[in-house]
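Here is a short briefing on one protein structure. Please look over the sequence and the model before reading on.

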Amino acid sequence: MKFFIDELRTMLGSAPQKWSKDDHSQAARDIHTFKQTPEQRKLRIASIHEELGNKVKNYRWRIQRWASIIIVNMIFVLSYWFDVQLVEGALTASRFVGFHLADLNSALQVVLAYKVILINLVIGVVTVLLIWWFVGGRSFCSWVCPYHLLAEIAEMLHIKLVDKGIVKDHPMRRSTRTVMWVVFAALAFITGYTVFETVNPVGILSRSLIYGAGFGLVLVAVLLLIEIFYSRRFWCRYICPIGLTYGFVGSISPVVIRYDLNHCLHEGECRNVCMVPHVLEMTKKNRAHDEIIDIGADCTRCAMCLEVCPTGALNFKIRGTGDLI
Ligand code: SF4
Ligand code: SF4
């Protein structure tokens, strides 16, 4: 339970807990000790050199995720354009073959702003909640959110510019996102208006794709420029309340990314590619409190860590079962 609470605290912005040896399981202690023997250290360092020397790019998961984002968003667009009424509405609130779906954060904003709970909204929320509960709450970010796709491209440019020394990354306090979640909720309650929706790039992009470009795209462009030239993944890491809301749902999801201490080289390639590297704290040397650990609530299930891990220490799993994929 204390590890679960720490996951939630970390998601809200606290630094990940550094567990003492007393908190480590016997299996974890044995593996940490084993990895420190001179022979194993040599082997591990040789493996890291080999890995870094033979980096093979693997984009399997990225291709699948991008395809998923494009397909989901195109279903909305084509449904509207050809008036087939398969899906009506946008990502924030829609009907799928007549069945209501509502983005959890948008629904919360509506309830706070208008102080009513509509039955259609409840149906939409429960349906979406069940879907994302099963596949892992923040999977919405990596597999559906149209802003994620653009932000991922912006992130690649940002990393290239940082590598060339042209720009510097400006990390911020992760707790800013929690503060913004409260601010947007309070604004909806006080003003009686869903203020967040006017600045939400997810809704702006979804509506622009379906109904045509609007002025909100200027804001999306500004956000992307900030992410390219100033702060890596600025919106998703430090502002977006949607990611935080889905993070809570994902904290109890059956589908998780699972870490296996036995296979880990601790070279940190996974943390370099991860949008939320605080969830991979256990991949640092001597940090894992157990042999097998499910990655924390803030994980978006983007699988970029799986793509770069040369030893298969990270994998998709269903809690309580073996390999999923
Ligand atoms: S954090 Fe927000 S904008 Fe970023 S991917 Fe998730 S839902 Fe989209
Ligand atoms: S831990 Fe892996 S799957 Fe989760 S967000 Fe980070 S890179 Fe993506």
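Predicted model: local features only at pLDDT ≥ 70, side-chain atom pairs only at ≥ 80, totals over all residues.

Residues are numbered from 1 along each chain as its sequence is written, chains are lettered from A and ligands numbered from 1 in the order in which they are written, and side-chain values use heavy atoms, with hydrogens and water left out.

**Ligand 1**

- The shell around ligand 1 consists of R138, F140, C141, C145, Y147, H148, V202, W235, C236, C240, I242 and G243. A residue is near a molecule if one of its heavy atoms lies within 4 Å of it.
- Helices α7 (139-143), α8, α13 and α14 (241-250) each supply at least two residues of this shell. Helices are DSSP runs of H or I with at least four residues, strands are runs of E with at least two, and both are numbered from the N terminus.
- By class, the ligand 1 shell has 9 nonpolar, 2 polar and 1 charged residues. Ala, Val, Leu, Ile, Met, Phe, Trp, Tyr, Cys and Pro count as nonpolar, Asp, Glu, Lys and Arg as charged, and the others, Gly among them, as polar.

**Ligand 2**

- Around ligand 2 sit I257, C274, V276, V279, L280, I295, C299, T300, R301, C302, A303 and C305.
- This shell divides into 10 nonpolar, 1 polar and 1 charged residues.

**Helix α14**

- In α14, 9 of the 10 residues are buried, so the helix is largely enclosed by the rest of the structure. Buried means under 20% relative accessible area, exposed over 50%, and partly exposed in between (1.4 Å probe, protein chains only).
- The buried residues of α14 are P241, I242, G243, L244, T245, Y246, G247, V249 and G250.

**Salt bridges**

- The whole structure holds 13 salt bridges. A salt bridge is a side-chain nitrogen of Lys or Arg within 4 Å of a carboxyl oxygen of Asp or Glu.
- E155 and R232 form one of them, at 2.8 Å from N to O. E155 lies in helix α8 (residues 146-163) and R232 in the loop between α12 (216-229) and α13 (234-238), so the pair ties together parts that are 77 residues apart in sequence.
- Both E155 and R232 are buried.
- E155 also forms a salt bridge with R233, with the closest N and O atoms 3.0 Å apart. R233 lies in the loop between α12 and α13 and E155 in helix α8, so this pair ties together parts that are 78 residues apart in sequence.
- The relative accessible area is 2% for R233 and 5% for E155.
- K284 and E281 form another salt bridge, their closest N and O atoms being 3.0 Å apart. K284 is partly exposed at 30% relative accessibility, whereas E281 is buried at 14%.
- A network of salt bridges links R62, R65 and E152.

**Sheet β1-β2-β3**

- This open sheet has 3 strands in the order β1-β2-β3, paired antiparallel. Two strands pair if DSSP finds at least two bridges between them.
- Strands β1 (87-90) and β3 (99-102) are the edge strands, each pairing on one side only.
- The twist from one strand to the next averages 15 degrees. Axes are lines fitted to C-alpha atoms, for helices over the stretch in contact, and angles run from 0 to 180 degrees between N-to-C directions.
- Strand β2 (residues 93-96) is joined to β3 by 4 bridges, and the two run antiparallel. A93 stands opposite A102 in β3.

**Sheet β5-β4-β6**

- Another open sheet has 3 strands in the order β5-β4-β6, with antiparallel pairing. β5 (292-294) and β6 (314-318) stand at the edges with a single partner strand each, so one side of each is left without a neighbour in the sheet.
- Direction ignored, neighbouring strands of this sheet are turned by 35 degrees against each other on average.
- Strand β4 (residues 255-260) pairs with β5 in the antiparallel sense over 3 bridges. The bridge partner of R258 in β5 is D294.
- The side chains of D294 and R258 also make a polar contact of 2.6 Å. A polar contact is a pair of N or O atoms within 3.5 Å; within protein, one must be able to donate a hydrogen and the other to accept it, and residues adjacent in sequence count only if both atoms are side-chain atoms.
- The D294 side chain makes a polar contact with the side chain of R319 as well, at 3.3 Å.
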